[in-house]
Structure formats: C-alpha cells, structure tokens
Amino acid sequence: MSLFAHQAVVVRREEAETLGLGGNTAHLLADSSSTAGALSTLRISLARGADGAVPHYHAGSSELFFVLDGRLQVLAGEEVVTANAGDLLVVPPTMPHAFAAPARSGADLLIVITPGVERFEYFRLLERIGRGEATTEELMAGQERYDTHMLDAPLWREARATRREA
C-alpha cells in the first residue's frame, strides 16, 4: 500500500520548485510519484499575452485548468474558449488542447493531470530548452514518456495570431 493512501500530501509554497519558462513561471507542486499515481499538479503564471503550451493531447490523462487570476485562452478540441478567474475547464484524454494568456491579460492557473504522469522532468526540460541547454528534438523524443503528444492546430495558430480577446 502506498504512502499516499495513509498520508496527505502537503507542499508549502516555499518548498515548491520554481522554474522560469520564458516570461512565465511554473511552480512544481506534486508529481505522480508523490501521489501514488493519482495526479500531477503545478501552478503556472503567464505574462500578459504569453503562450503557455502549444497544441498537444494526452493519451491517458485528463487535464484540469483552474484559473486563479486573470484570463486564460484555451484550445479545447475544435473551439477556443476564454476562462476567467474562478473558472474551471477539464480536457478529456485525446482532446487536442493548448493554452495562453489573452493579449490584454495575464493568467495564474492551477493545472492537474489525472491520473498522474511523472511530468516534472518535462517542465525542467522546457526550462533547459529556453536556456539553450537542450533541444526540441529531446522534447519530441519524450512524448510517450510524458504523455504529451504535440500536434498541429490551425485554429489555435489563427487565434494566437490575432491575439483576440474571446
């Protein structure tokens, strides 16, 4: 029986690993290994108009977005929606999705992947790519490992090109 089944997982703000992802910040809260596979979770702060994640899907996990502050533009399948502070959006497995802050707003959000996938190393890799210490080829090679499968989404490209506020 796992430790998670007998103890709560508590992550204090000052204990969370913080990564710089371009002008954005990621706070790594609890990975799959600390929750016995139940979930992985992080907090992301996006600068005004900043891109969060490129279009992708997860084969085996749902992804939950809870907007703590600001506004969040999300590709969810075949539509682009805007979520405001206090809104919740859940993307089921295999649904193409992406997220970003709209042109006139930043966003602070909580992301939960369930069931959990060890993903903290994925975000560390993104930070290394941003610093020029790793390549996108390494990221693409890890798609199965992180259950993050990149794809093309013309609708999202169009929405981000115009940076429209939905």
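Start with the largest nonpolar core of this predicted model. Select Leu-46, Phe-65, Leu-72, Phe-99 and Leu-109: of the 30 residues in the core, these touch the most other members.

Now colour by element. Those giving two or more residues to this core are strand 1 (17–21), strand 2 (24–30), strand 3 (40–46), strand 5 (62–76), strand 6 (79–84), strand 7 (88–91), strand 9 (107–114) and helix 1 (120–130).

Next, select another core, which lies apart from the largest one. This core has seven residues, among them Leu-75, Val-80, Ala-98 and Ala-100.

Go back to Leu-109 and show its contacts, leaving aside neighbours within four places in sequence. Leu-42, Arg-43, Ile-44 and Leu-46 are among them.

Move on to the rings. The count comes to three aromatic pairs. How are the rings of Tyr-122 and Phe-123 placed? Their centres are 5.1 Å apart and their planes stand at 85°, so this pair is edge-to-face.

Tyr-122, Phe-123 and Tyr-146 form one aromatic cluster.

Are Tyr-122 and Phe-123 buried or exposed? Tyr-122 has 9% relative accessibility, which is under the 20% cut-off, so Tyr-122 counts as buried. Phe-123 is buried too, with a relative accessible area of 7%.

Last stop: Arg-119. Its charged end sits over the ring of Tyr-122, 5.0 Å from the ring centre. Keep Tyr-122 selected here: Tyr-122 pairs with Phe-123 and also lies under the charged end of Arg-119.

Methods: Residues are numbered from 1 along each chain as its sequence is written. This is a predicted model: local features need pLDDT of at least 70, side-chain atom pairs count only at pLDDT 80 or more; totals for chains, interfaces and linings use all residues. Side-chain values use heavy atoms; hydrogens and water are left out. A nonpolar core is a set of buried Ala, Val, Leu, Ile, Met, Phe, Trp, Tyr and Cys residues joined through side-chain atoms within 4.5 Å. Buried means under 20% relative accessible area, exposed over 50%, partly exposed in between (1.4 Å probe, protein chains only). Helices (H or I, at least four residues) and strands (E, at least two) are DSSP runs, numbered from the N terminus. Contact means heavy atoms within 4.5 Å. Rings of Phe, Tyr and Trp (its six-membered ring) pair if their centres lie within 6.5 Å; planes under 30 degrees apart count as stacked, over 60 as edge-to-face and the rest as tilted. A charge sits over a ring if NZ of Lys or CZ of Arg is within 6 Å of the ring centre and within 35 degrees of the ring normal.
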